Amino acid sequence: MTAPTKPPHGGTADPASERIAGEPLHSPVIDWFDEHARDLPWRRPEAGAWGVMVSEFMLQQTPVNRVLPVYEQWLARWPRPADLAKEAPGEAVRAWGRLGYPRRALRLHGAAVAIAERHGGDVPADHAQLLALPGIGEYTAAAVASFAYGQRHAVLDTNVRRVFARAVTGVQYPPNATTAAERRLARELLPEDEGTAARWAAASMELGALVCTARNEQCHRCPIAAQCAWRLAGKPEHDGPPRRGQAYAGTDRQVRGRLLAVLREAHAPVPQHALDRVWHEPVQRARALDGLVADGLVEPMPGGLYRLPLT
């Protein structure tokens with residue numbers, strides 16, 4: 001498995017991608033992956049496309065060690081999309097636990113309902129059909145098509161973007177938001193062979209997760225260190241816009257999390273005064289609760305009661 005000698009689809013690559021695409025990137029990264037890939041449950045054949053989809057929803061902005069126990073409980077309870085589709089959306093929010101960004105639970109539930117209704121309960125293999133599911137964006141559609149069905153798609157998560165930024169573009173970090181230039185480069189770097197492309201997608205992602213990390217990168221372990229443009233340039237410091245932080249303490253996100261924790265643990269509607277106890281500042285607490293209601297994560301009831309959504 002070697003890198004193509006010309007840009008896929010006959011497109012015109014920029015100079016950086018022409019230089020890198022001609023180097024044997026694919027084989028060393030895939031060989032490294034074959035030896036060092038983590039044994040994760042969603043990578044096993046028995047996970048199927050539904051297991052891959054669940055993992056992709058859960059892994060967005062959440063580390064693997066936090067996802068693993070929730071993922072295993074989720075698949076044990078809902079081994080197929082139809083099993084989740086039969087439940088109230090609030091049960092998905094409850095089972096999501098403390099993974100954070102709980103709107104992902106509602107979106108996954110909505111996707112499961114659509115899969116049950118439109119596709120006979122089977123996660124579709126067609127990229128366009130995946131993209132048409134509620135809550136599925138370009139990244140998730142490409143990831144499921146690639147990782148579950150072995151198709152040829154550019155799968156651009158934060159780890160892959162960082163690998164490409166360093167190895168190809170020669171900068172320490174990618175832009176804060178994915179750009180058209182990054183998408184174009186990712187397509188140009190895709191191996192022509194479908195199976196090799198799917199393996200490359202998984203391997204480049206794992207390389208960014210384990211070796212080419214945001215901090216304390218381990219270039220001595222990297223299979224393409226000798227070709228890395230950033231390393232060859234002397235690892236210049238990041239000079240783009242400040243990187244976005246992940247502040248949590250004292251934010252509305254923290255308040256929302258505490259409110260949801262009360263509702264998850266209760267199996268009956270919760271009165272307002274029980275929610276009032278979770279946060280001392282009334283304006284911020286009310287704003288957070290209103291936001292949860294607006295997002296469909298909390299359902300207000302008569303008499304000042306609240307519950308997780310039933311519909």
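Does alanine 112 count as buried, partly exposed or exposed, and at what relative accessibility?

1. Alanine 112 counts as buried, because its relative accessibility is 0%, where buried means under 20% relative accessible area, exposed over 50% and partly exposed in between, with a 1.4 Å probe and protein chains only. This is a predicted model, in which local features need pLDDT of at least 70 and side-chain atom pairs count only at pLDDT 80 or more, while totals for chains, interfaces and linings use all residues. Residues are numbered from 1 along each chain as its sequence is written, and side-chain values use heavy atoms, with hydrogens and water left out.

2. Alanine 112 is found in helix 7, helices here being DSSP runs (H or I, at least four residues; strands are E, at least two) numbered from the N terminus. Leaving aside neighbours within four places in sequence, alanine 112 is in contact (heavy atoms within 4.5 Å) with Trp50, Pro81, Leu84 and Ala85. Alanine 226, by comparison, is 114 residues from alanine 112 in sequence and 44 Å away in space, C-alpha to C-alpha.

3. Helix 7 itself covers residues 103–118, and its 16 residues reach 22 Å from the first C-alpha to the last, close to the 22 Å expected at 1.5 Å a residue, the expected span being 1.5 Å times one less than the number of residues. Its buried residues are Arg104, Ala105, Leu106, Leu108, His109, Ala111, Ala112, Ala114 and Ile115, and what covers them includes helix 3 (48–59), helix 4 (64–77), helix 5 (81–85) and helix 6 (89–96). Glycine 120, which follows helix 7, has a positive phi near 65 degrees.

4. A search of the whole structure finds four aromatic pairs, a pair being rings of Phe, Tyr and Trp (its six-membered ring) with centres within 6.5 Å, called stacked if the planes are under 30 degrees apart, edge-to-face if over 60 and tilted for the rest. Tryptophan 74 and tryptophan 78 form an edge-to-face pair, at 4.6 Å centre to centre and with 75 degrees between the planes; tryptophan 74 is buried, and so is tryptophan 78. Trp74 and Trp78 also form one aromatic cluster with Trp96.

5. Phenylalanine 164 and tryptophan 200 form a stacked pair, 6.0 Å centre to centre with 15 degrees between the planes. Phenylalanine 164 lies in helix 10 and tryptophan 200 in helix 12 (residues 194–210), so this pair ties together parts that are 36 residues apart in sequence. Phenylalanine 164 counts as buried at 8% relative accessibility, and tryptophan 200 counts as buried at 4%.

6. The axes of helix 10 (residues 158–169) and helix 11 (residues 180–189) come within 11 Å and cross at roughly 80 degrees, which makes helix 10 roughly perpendicular to helix 11 (65 to 115 degrees; under 35 is roughly parallel, over 145 roughly antiparallel and the rest oblique). Helix 10 contributes Arg161, Phe164, Val168 and Thr169 to the contact, and helix 11 contributes Glu182, Leu185, Ala186 and Leu189.

7. Valine 262 lies in helix 14 (residues 252–265) and counts as partly exposed, because its relative accessibility is 23%. Not counting residues up to four places away in sequence, valine 262 touches Val270, Leu275 and Val278.

Terms used: Axes are lines fitted to C-alpha atoms, for helices over the stretch in contact, and angles run from 0 to 180 degrees between N-to-C directions.
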